[in-house]
Structures are given as C-alpha cells and as structure tokens.
Amino acid sequence: MTLAALDLAFRAASVALLLVLAASLLHDFRNVLAARLGAAFVLGSVAHVVSYSLDVTSRIPLWHAPLIALSTGTIVVFWLFTRALFDDEFRLRWWHGLIWALVTAYSFAGCVWIAPSGHVRFSVTVVNLIVLGFIGLAIGQMIASWPADLVERRRRVRVFIVCAVALYGGLNAVLQIAVAGQHVGELAEAINAGVLACTVAAIVYAMMRVDGADLFPAAVEPAPPDVFAQPAADDAADQKLIDALMRLMADERIYRQENITIGVLAGRLRIPEYRLRRLINQRLGYRNFNVFLNNHRIEEAKAALADPAQAEVPVITIAMDAGFQSLGPFNRAFKAVTGVTPTEYRRLNADAA
C-alpha cells in the first residue's frame, strides 16, 4: 500500500467514525444543547479530516477553501461545546455565532487572498494562533468547571475528550506554523492522518462507553429537590452525613461563604471529596455543586424578598447576603428556579399579602 493510499484509508476511517458519532448524538440527544454542539463539532471535524494538510503552499485548491474555513471555524464550536459540556446552564448568544463567522471568514480570506498573494506564513500563523487561543479557552473552561461536576462517570470522560482534542489540535497548530510554506512529504501526511484516526477512535470509544444520560443533562431538567427535606437513604452512614450536611446548610449557612468549594465542605464533614460528590448527586439529585449551593442561597433570598420587614432592602443586598457575588448571576439563577425575577417575586408576594 502506498503512502497516499494509507493516508486516504486513515482519513476515510476517521470520517466514518465521526459520522457515526454525529448521528448517535443527534438521534439520542437532539434536544440537548451540549449534544447539538457536539454534533456540530464532529461534523466540522469531518471538514478538517477531508481538507487538512501540513503541506501548505501559496496556492490552495479553490474547492478546499470552504472546507478549510469550516475546519478553522470548528475550533470556535469546540470552545462552545466545552462551555455547554461543563456548564449545564450555558446558553448560546448571538455573539457566539458572530465569533464563529469572523473566524471562518478570515480563514477563507487567507485561503483565497492572503496566502496566494505571497503571505503564506502570515496567513497560516494567524489562523493557527486563533486555534491555539480557543484551545486555551476550552482548557480554561474545563479547569474552572470540572470541580463542580458531581457526576463521577462523566468527569473523567469530559476531561479526556477536551484533553485529546486539545493535544492533537495544539500540536498540529504548532507544527503547521513551523512548516508553513514548506513541502513536508507524503510520510508526514500519512502519520498525521494516522494519529488523527487514533484520536477520533479513542474519543468515540470513550463516549460510547459512558451512559449518555450521565454525559449530557436531560433535555428537560426535573424540578430541584427541596433543599431542606430529609432525603431517603438506605445506608445509615450516608444518612448521618447527609444530616450533617443539611445542618451546615440550614444552621451555619455555609453557602454564604465566599468562594466555598466542595473541598472546603468535604473538609468540614471530614470525608473525601469523591464521597461528598456522590452523596449530593445520588442522594440529593444534583448534578452540579454550584446549583446545589445556589438553591440554598435562593431559598434564603426568597424568604427575605417575601418578608414585609425587608421590603425596602435592595435586591443586591439580599443577593450578596445570601452568598451571591453580583446581581447578574443572582437574577439568572433566581429566575431559573422560580420563573420570575427577584423584583417580580417581591411584588407578587406584596400583592398577595
């Protein structure tokens, strides 16, 4: 088998695996934002597999330009995918689409105008620096959000997916900058295609092994449990820990502390973090530690907003007293739980009095 045929075989295998993964995501989780973004990233990766080459010269085939542009824009989709994957409350905004359009348009311009005009290295360097920038944002999102994830099985898979894509994409971006405008040969292309095929196969295997309900939040989240209720527990030791946890929440109001982490809470209970994550997830029904804290904070804020004696207290004061650091996150979290803004909630309770 020639090197060109081997390269083609690796690319074909990658495309087949990616299409199977995209079809699975859209079939099983088409109503879940993270899954839709995942499918969009996978389909964009197909464009990368078909068009990617280390051998970048000043003259790029015209039919390659749209595929290369889509491939470059896929890094923005990857960033958005990690946002949705690690934050169940993430929502797309119009400016997300604008960022994707700008990156894609610049890549297309680089293919049809900047590189052919003799600025190959400049075009390739800028595009790949953009790629590295979004990879950095994705890794930052993973680091910032990972500790709050309470679903143990998806914690490992999420990190693996992000790290695998970041490692392959980052190394390729650096390599393409280094060899921009140079002829690298068929062997390098075949090796790169083989590495990509192995990366794709590993990601697909990892995603297929984990239960999709663990990896992605439900399309319609159930109502959060009563944060002060006594949950049923079969194990006496777990029940004792849950009772101690609820006392910390209800009596000491530990959720008011600034930058409270699951590690701090586990330390107060004198148990490992993994056990506290399991208790909050499996016994109390929460998937995210921040949502668990915010529901306690919102319960306190609801009581304050409904209290006639605090009718003149500013909403921002009530929010910060409950443990929120600013008004925006408080308003969003409050409306997500109650369906109304804090001001509307206060007015409705005043009218009912």
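A: A disulfide is a pair of cysteine sulfur atoms within 2.5 Å, and please keep in mind that the model we are looking at is predicted.

Q: OK, so how many disulfides are there in the whole structure?
A: A search of the whole structure finds zero disulfides.

Q: What about Cys111, buried or exposed?
A: Cys111 has a relative accessibility of 6%, so it counts as buried, the limit for that being under 20%.

Q: Switching topic, what is the protein built from, helices or strands?
A: The protein has 15 helices and zero strands, and its C-alpha trace spans about 75 × 45 × 35 Å along the principal axes.

Q: How much of the protein is buried?
A: Of its 353 residues, 46% count as buried.

Q: Which residues have the most contacts inside the largest nonpolar core?
A: Those are Phe78, Met207 and Phe216, in a core that has 50 residues. Helices H1 (3–29), H2 (33–51), H3, H5 (120–145), H6 (152–178) and H7 (186–209) each supply at least two residues of this core.

Q: Which helix gives the most to this core?
A: H3 does, with ten residues. As a general point, nonpolar side chains tend to be buried together in soluble globular proteins.

Q: Then let's stay with H3: how do H3 and H4 cross?
A: Helix H3, residues 64–86, and helix H4, residues 94–114, have axes that come within 8 Å and cross at roughly 150 degrees. Because angles over 145 degrees count as roughly antiparallel, H3 is roughly antiparallel to H4. The crossing of these two helices, H3 and H4, is right-handed.

Q: Which classes of residue are in the contact of H3 with H4?
A: The contact of H3 with H4 has 16 nonpolar residues, along with six polar and one charged.

Q: And how do H3 and H6 cross?
A: The axes of H3 and H6 come within 11 Å, crossing at roughly 165 degrees, and that angle makes H3 roughly antiparallel to H6.

Q: Is that crossing left-handed or right-handed?
A: H3 passes H6 in a left-handed crossing, whereas the crossing of H3 and H4 is right-handed.

Key
Residues numbered from 1 in each chain as written. Predicted model: local features only at pLDDT ≥ 70, side-chain atom pairs only at ≥ 80, totals over all residues. Heavy atoms only, no water. Buried < 20%, exposed > 50% of the residue type's maximum accessible area, 1.4 Å probe, protein only. Axes fitted to C-alpha atoms, helices over the stretch in contact; angles between N-to-C directions. Helix = DSSP H or I, 4+ residues; strand = E, 2+ residues; numbered from the N terminus. Parallel < 35°, antiparallel > 145°, perpendicular 65-115°, else oblique. Left-handed = near helix turned anticlockwise from the far one by under 90°. Nonpolar A, V, L, I, M, F, W, Y, C, P; charged D, E, K, R; others polar. Core = buried A, V, L, I, M, F, W, Y, C linked by side-chain atoms within 4.5 Å.
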